[in-house]
Amino acid sequence: MATNPTEVPGYGCTIDELMVVTMSRMMGDDTRAFNGAVSFIPVCAYLLARRTHAPELVWAASSIAIDADPKRIPESTLSDALWDGASMLSNSPFDFWAMAQGARYNTFAFRGAQMDRYGNVNNTVIGPYDKPKVRLPGGGGMADLSCMIPRIYLWSTTHDPRTFVERLDFRSGIGWGDGGDHRERLGLPGGPQACVTNMCVFDFEPESKAMRLASLHPGVTVDDVRGATGFDVLVPGGEIPVTAQPDEEEIRLLREEVDPTGARRREFS
Amino acid sequence: MIQDKRASLAEAASLVQDGDVVALQNMATQLAPMAVVRELIRQGRLNLGIVGLLAGIPVDWMAAAGVMDRFIGGAVTMEQFGLCNRYRKGVEAGAIRVEELSETAVNARLGAGARNLPFLPTRGLIGTELIGMDPDNLRLIEDPFGGRPVVACRALVPDVAIVHAHRADRAGNVQLEPTAEWPDLGIMPKAANRVIVTVEEIVETEVLRRRPDRTVLPGFVVDAVVEVPFGAHPTSCFPFYGYDSAMHLAWVAAARDDVTTEQFLDRYIREPADQAEYLRAVGGATTMLALERMEHA
C-alpha cells in the first residue's frame, strides 16, 4: 500500500515527515483534538506535538480513546488498535458529540476528495447528487464537525487540480463558506487555519478567507503550486518562505517512537 | 416466566420484510451483525432501505446481492480497504438512492424516533448542501429561545434494527463488554419497531445479573436473539476479536468484476448452510485464533 516516500531535498527527511512536523508545530498545549478515518498525518502530528512542545495536548484516538498512547500507528486510525493506553473510551453520542458540539474539543483536521479556495470540502459526489458520476463515501462526521470545531486544519497528500478545484461538485463540509464573513454570519465558530499539502503550506488571507501561499516545501516553485491548483492561488508579494526544516529530534521521535512502522506513508499510495 | 426470545438466524431474518427500513449497526470495519446480513442475502430479501452511521462491508455485500435500494446515513466506506465499490456502482447506476445525513443527523433522527419526538435539533450540517437535498427530513429552524439557528432532524423509526453484541440471555437482555460505544446499540434498537440481536454467546440470566451495569438493552425491546460465535466476522467485535483484513482484501479484489463478485457471494454467503460452515469457508480455527489475537494491525 505504501510507496517509497519522496525525499525532501536538503532536509534529511521525506515528504510525509515534513508534513507531520509542519502540522505538529501548529499545535499547542491548548489543543484538544481527535481524529477520523485515514488520518495518519494529523494523528502523527498530535502525538509528535505531545512529545515535544505541547505535552498538555489532548488527543482522542478515533474520537473515542482519550489520551491514547499507541506503541505504533496501526493500519486504521478509526479502530481499536489505536486505542492502547487510553484513560477513557468515550461513548460516541453522549461523550464525544457533547464535547464536540460544545467545542470542548477545539481542533479537527480533515480533507476532501475536492477542496476549494475557502477550505470547503466535498466527500459526497462527483457530478449531480441524484445521478452522480462518482459516489464518494459521504461526509459522515465531517459535515457536523466542520461547523462545530473552531480550529480546522486541512491536509492533502495529493496536491493536484482534481483535489484543489475552482468549484466543488457538492459542499459536504464547510470551511470559510463563500469567504469573507460568511462563516461568522452562519453563526459558526472559528474556521480553517491552514492547509498542509505535499507541495506547500496555505494559510487563509484574513479578509477574503481565501487560501494563500504561506510557504513552499524545498524544491517546489510558485509556478509548480499554481500548476497543481485548480483555483487562482493567492501569492503574497516578496519572497515566499521555504517550509521550516524539522529538527533532528522531531524526526527521531517520529521515526522511533510515534510511528516506527511508517503507517503515515499509507497516505501516499 | 420469562419469554424465550432465542431464534435461529433464518427465523430472526424473517422479521425483515421486503421494502423494510433496516437500521444496521456498523462503524467502518467494526461490529456489524454480519450473520444476519448474510442470511438476508441468502433469503433473497428485496428493496431494503439501510440506515447506517458509517457502514462498510455489509452494505457493499447487500448492494452486490441486490437486496437494498436505499441508503440513509453518514458514509459508506471500508476505511483503509477503500471505497465500497459495489455500493458505489449501485448508486451510480441509479439502483440505490442515497439520503446522506451527517452523523449527528443520524443520531438525532433515530434519537427522536426512540424518544417519540417529532424531531431533534443539531448544530451540525449548517453551511453544507446536505440540508437542501433532504427537505422532507432536515430543516434549518430558528431557535425559539433566541439563539442561533439549528437543524431540525425528523424522527426516523426503522422497521427493524439489527445489532451484534457480546452476550445475552434467552430473554434477550443484551450485554456489552466495556468498549467504544458508537451510537448504534444505544439508539437504533430503541428507535426501531422490531429488534434482532445476535451475540457471541447466550448465557444464563444469572451471569448477566452479576454485572447489570453492563446490560445495554432489556429483553422486552428485543424480538429475537441468536447465538452466533464470530457473528460480526469479517468486521471486529472488540475486545473479543479484530476485523479480518484478508477477507476485506479478498472482497475488494472480487468486487472489481461482476463474475468474481458472484463467485464470492456464492462461496461465502449463499453456499455455507450455517455459521459453522461459513467459518470453515473463511479459514476456520486458524483464522479465528489470529483474529482473537488482533493480528490485523
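In this predicted model, a network of salt bridges links Arg50(A), Arg51(A), Asp67(A), Asp69(A), Glu249(A), Arg252(A), Glu256(A) and Glu257(A). One pair from this group is worth a look on its own: Asp69(A) and Arg50(A) form a salt bridge in which the closest N and O atoms are 3.6 Å apart. The two partners come from distant parts of the chain, 19 residues apart, with Arg50(A) in helix 2 (residues 40-51) of chain A and Asp69(A) in the loop between strand 5 (65-66) and strand 6 (88-89) of that chain. Asp69(A) counts as partly exposed, with 36% relative accessibility, whereas Arg50(A) has a relative accessible area of 16% and is buried.

Over all chains, the count comes to 38 salt bridges. Glu177(B) pairs up with Arg214(B) in a salt bridge, and here the closest N and O atoms are 3.6 Å apart. Glu177(B) sits in the loop between strand 9 (174-175) and helix 7 (183-191) of chain B, while Arg214(B) sits in the loop between helix 8 (205-210) and strand 11 (215-217), so this pair ties together parts that are 37 residues apart in sequence. Glu177(B) is buried, because its relative accessibility is 15% and the cut-off for buried is under 20%. Arg214(B), at 22%, counts as partly exposed. Then there is Asp213(B), which forms a salt bridge with Arg211(B), the closest N and O atoms being 2.9 Å apart. Asp213(B) is exposed, with a relative accessible area of 56%, and Arg211(B) is partly exposed at 36%.

Back in chain A, Lys209(A) tells another story. This lysine is buried yet has no salt bridge. The nearest side chain of opposite charge belongs to Glu184(A), and that is 6.2 Å away; a salt bridge would need the atoms to be within 4 Å. What Lys209(A) does have is the backbone oxygen of Pro206(A), which lies 2.8 Å from a polar atom of the lysine side chain. Lys209(A) is found in the loop between strand 14 (200-204) and strand 15 (211-216) of chain A. Setting aside neighbours within four places in sequence, its contacts are Arg117(A), Tyr118(A), Trp176(A), Gly179(A), Gly180(A) and Phe204(A).

Finally, the pockets. The second largest pocket has a volume of about 290 Å³. Its lining is made up of 14 residues, and those nearest its centre are Pro93(A), Trp97(A), Thr104(B), Asn107(B) and Ala108(B). Helix 3 (92-101) of chain A supplies at least two lining residues, as do helix 5 (103-115) and strand 5 (119-122) of chain B.

Technical notes. Residues numbered from 1 in each chain as written. Chains lettered and ligands numbered in written order. Predicted model: local features only at pLDDT ≥ 70, side-chain atom pairs only at ≥ 80, totals over all residues. Heavy atoms only, no water. Helix = DSSP H or I, 4+ residues; strand = E, 2+ residues; numbered from the N terminus. Buried < 20%, exposed > 50% of the residue type's maximum accessible area, 1.4 Å probe, protein only. Lys, Arg positive; Asp, Glu negative; His and termini not counted. Polar contact = N/O pair within 3.5 Å; in protein donor to acceptor, adjacent residues only side chain to side chain. Contact = heavy atoms within 4.5 Å. 1 Å grid on protein atoms, 1.4 Å probe; cavity = no way out; pocket = protein on both sides within 12 Å on 5 of 7 lines; lining within 4 Å. Points joined across faces, edges and corners; volume = space filled by probe spheres on them.
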